[in-house]
Every structure is written in C-alpha cells, then in structure tokens.
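Subject: Structure for you to look at

Hello,

Here is the structure I said I would pass on. Please open it and keep it in view while you read the notes below.

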Amino acid sequence: MQEYSLTKKNAENPEVGSLVFFEANKDIPFAFKRVYYTYGVKEGIIRGHHAHKALEQLLICVYGALEIMCDDGEKKEYTVLDDPAKGLYVGRGIWRTMKWLKDDSVLLVLASEYYDESDYIRDYDEFVRLVKEGYWKR
Ligand code: T46
C-alpha cells in the first residue's frame, strides 16, 4: 500500500473549484485497463472483504470519506481517504475492506486488469493459506 498525492490545480477563484489529474505509468505505478466507481452507500457500510491474485488498483475517494483497511496476512493498515487529490495504491495479495465514513461518499477505482472473477480470493482462510505458502513471493 502506498499513498499518492495527485496533482491538483486550483482555480484562482475558489468557487470555480479544483481539477486533479494523473497519468498511468508516470504518476501511478501501473497502466489501467478498467475504471469503476461505487456510490449510493450509507455511512457505516463495509464493502470489499477480498484480495486479488494479480490485480493492482488505485483507490480515490472523489467525494466524502472512506476508511480502507489493508491486510497483508500479517498486519493490518488503516487509511482514511477524504481528499479527492489522494490515491491509495493497493497491490496484489492484500485483503481489503472499504468502510463508508459518510453517506454517499464515492469511491473511484483504477484497475490494472479487466474484470475477472477468478482473480478474486473471497475466503479469508484461503487468503491466509496462500500468504503462508508464499503465493505472492514467487
Ligand atoms: C475491489 C474493491 C475496491 C463486475 O462485474 N465488474 C467489475 O469491474 C467489478 C469491480 C465488479 N463486478 C461485479 C462483481 C459483483 O457481482 O459487481 C458486483 C459487486 O462487486 P464486489 O462485491 O466485488 O464489490 P466491492 O465493492 O466489494 O469490491 C470492489 C471490487 O470488486 C474489488 O476488486 O478491490 O471494490
């Protein structure tokens, strides 16, 4: 996991707002093939509860606030995403949950691969077994 500060351009007049941008393989460490977003979620709801075999992703809370829990099988790290100019890189072999800290927060995700359900590990015991056998150290 790594936090990225994305480039933000503020308009001279604050009422005109800000624009954030980043470029694949330059500002973030991979190229993305897929973009998705999650919205309409109530405060307190937790999504995720899975890891990926190969997928790399950048998570951005473009509106509101979320708490991301990342577990590498040995330790858990918690990151609050509450700034649209902050991205969290989540690599392979990380069990994650996303907790909504505010109603209607929007999670935007850039993913390195097309959707593939066979890349998901949705069973925590299976995840721990793969960590122990060194699946992500090969
Ligand atoms: C992740 C976190 C951050 C698709 O058909 N295509 C897609 O590209 C995606 C992302 C999902 N789906 C289907 C799979 C499920 O039937 O949409 C349904 C909801 O997906 P899921 O329950 O996995 O959603 P989250 O919010 O728990 O997890 C998602 C991503 O799936 C996951 O890769 O890392 O966001």
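With four residues, β5 contributes the most to the lining of the largest pocket. The model is predicted. In total, 15 residues line this pocket, and those nearest its centre are Y36, T38, H50, M98 and Y120. Two or more lining residues come from each of β4, β5, β6 (57-63), β10 and β11 (106-111). Sorted by class, the lining has seven nonpolar, five polar and three charged residues. The space in the largest pocket is about 230 Å³.

What takes up the space of the largest pocket? The ligand does. Around the ligand are R34, Y36, R47, G48, H50, H52, Q57, R96, M98, Y115, Y120 and R122. β5 (46-52) is one of the elements that give at least two residues to this shell, as are β4 (34-38) and β10 (95-100). The largest share of the shell, four residues, is from β5. The shell is made of four nonpolar, four polar and four charged residues.

For R96 the distance is 2.8 Å, for R122 it is 3.0 Å, and for Y36 it is 3.2 Å. The ligand on its own exposes 650 Å², and the protein buries 69% of this area.

The second largest pocket has a volume of about 170 Å³. Its lining consists of D72, E74, G93, I94, V131, G134, W136 and K137. By class, that is three nonpolar, two polar and three charged residues.

Regards

Methods. Residues numbered from 1 in each chain as written. Predicted model: local features only at pLDDT ≥ 70, side-chain atom pairs only at ≥ 80, totals over all residues. Heavy atoms only, no water. Near = heavy atom within 4 Å. Polar contact = N/O pair within 3.5 Å; in protein donor to acceptor, adjacent residues only side chain to side chain. Areas by Shrake-Rupley, 256 points an atom, 1.4 Å probe, with all protein chains shown as cover. 1 Å grid on protein atoms, 1.4 Å probe; cavity = no way out; pocket = protein on both sides within 12 Å on 5 of 7 lines; lining within 4 Å. Sits in = over half its atoms within 2 Å of the grid points. Nonpolar A, V, L, I, M, F, W, Y, C, P; charged D, E, K, R; others polar. Points joined across faces, edges and corners; volume = space filled by probe spheres on them.
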